[in-house]
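Hello,

Here is the structure I promised to pass on to you. Have a look at it first, and then read my notes below.

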Amino acid sequence: MNSSPSRAQRAVTWSLVAFLALVFAVLGGATLAPVFPAPLLVQPTPSATTPAWLQPPSSPAPLSGATPLGTAALQPLPESLAKELDARLVADGGSFPATVLDGATGQTLYSRAGGQPVAPASNLKLLTAAAVLTTLGPDAVLHTKVVRGGAPNSVVLVAGGDVFLGAGESAPDTVPGRAGLASLARQAAAALGPMSGPITVQLDDSLFSGPALNPAWAAEDIAAGEVAPIAPIALNIARTQPGDSSSRPSDPAMAAAVAFRDAFATALGPAASVSTTVARASAGGGPELASVASAPIGDQLAYTLSESDNYAAETLARLAAAAAGKPASIEGARAVLEETAQKLLGTTEGIELSDASGLAISDRISTAQLAALVRIMAMGDDGRLRRALDGFPIAGLTGTLASRYGPTSPGAGFVRAKTGTLNTVTGLTGYVVDTDGRLLVFSFVGNGLVPGSKSNAAAVDAAASALAGCGCR
């Protein structure tokens, strides 16, 4: 009898060997590897391949960029829109003048006393934004400098209009604090060279003129920290500490100068003597020692609108006045805003301005004019005005609308609007794209309202949400 294994038996044996090799490999039985024939231990080397989704495209991408909204989307019917808004714009005391415009055509779709001048509160910052963007431009930057003083052993801190200065090193990825006094002091100390005797720091803040506090502002608003004396240089937008709007220095420019003096003394080191006294003086024509640059005006303006910062709005308006060849003062700011309204809206009828921030209850402008201004920003020919839209708070997400609009609201994430609040004023001016894809521009501003009533803010939020969820036919 032939005792050699058959072909079938050999096949079974090698199958078992292969199986055991696999088991030991998985279980870490590498020590048994030499008992198996070498061919069984050789693993194939995978070849590198590029997945199809990583392959370069076979043709250029068909999109060349975003295109403006068209007019194909259905327009809300005015009567249906009125039914939705009248049910929501119910004032707790006073009244709610309101305007809704079609973004594409400018047609008035809804008006409730839309031509009536109202106290706009911070909605007025939209006109300030337009003035700033069309005079300074969105890409301009402000320089804070240090020059050699005319007096022996002196340096002069020269205000350039930047009130977003930080106390530390310049932070390039921020708006407040983009330019830092510590960086400025370090540069100035390095450029100064040896000087004998005590060094004196002086301040030139002569860029602005006229009263630093507007007589139209209520004393209680100043005391509450809504604003501070306006100066062309300040730390933290004239706050004692970053983000603390309730505590402001009585002299923001001098507070910044003292902070610079301290940073300068530190940068010079213990061998140098720096006087603790800081006095105001003219920069004269001394050579420049150091300079730091602010965030671009467009970024400062976006912050100003998003956070509704009164101090920043007032300083930017004075800078706009200077850029237009006017005094950098209350009167100059008022004049440049009026000129901007005339240029963009074609009229100043009904517009009365006491300031640039809307903090004055005596300011007047209509909801029709505010809505028209937003439409010009969104759809007009001057591309510089688009930058204002970057600062419009987003409902439920950013800025002064971050804590408004619940997650189930139709307006959450869709409404973009500037808020406005005074004791008896609640306003909301902005835009939304409705469910049909139609751009709607609106302004709702209530006056004579019951102070402290939460229902008035809820009313304007509900009205804007109704626009967001509107087919309104």
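Predicted model: local features only at pLDDT ≥ 70, side-chain atom pairs only at ≥ 80, totals over all residues.

Residues are numbered from 1 along each chain as its sequence is written, and side-chain values use heavy atoms, with hydrogens and water left out.

Let's begin with helix 6 (252–268). Helices (H or I, at least four residues) and strands (E, at least two) are DSSP runs, numbered from the N terminus. Just after helix 6, glycine 269 takes a positive phi of about 95°.

Several residues of helix 6 are buried, including Met254, Phe260, Arg261 and Phe264. Buried means under 20% relative accessible area, exposed over 50%, and partly exposed in between (1.4 Å probe, protein chains only). Among the elements that cover them are strand 4 (143–148), strand 7 (274–280) and helix 8 (310–323).

Helix 4 (181–192) is another part of that cover. Helix 4 and helix 6 pack at an angle of about 50°, with their axes 8 Å apart. Axes here are lines fitted to C-alpha atoms, for helices over the stretch in contact, and angles run from 0 to 180 degrees between N-to-C directions. The two helices are therefore oblique to each other; angles under 35 degrees count as roughly parallel, over 145 as roughly antiparallel, 65 to 115 as roughly perpendicular and the rest as oblique. Contact means heavy atoms within 4.5 Å, and the residues making it include Leu181, Ala185 and Leu192 of helix 4 and Ala256, Phe260 and Leu268 of helix 6.

Now for the two single residues. Arginine 239 sits in the loop between helix 5 (219–223) and helix 6. With a relative accessible area of 11%, arginine 239 is buried. Not counting residues up to four places away in sequence, arginine 239 touches Asp244, Ser245, Ser247, Arg248, Pro249 and Asp309.

Alanine 302 belongs to helix 7 (residues 297–307), and counts as buried at 15% relative accessibility. Which residues does alanine 302 contact, leaving aside its neighbours within four places in sequence? They are Asp390 and Gly391. Alanine 302 and aspartate 390 are 88 residues apart in sequence, yet 5.6 Å apart in space, C-alpha to C-alpha.

Happy exploring!
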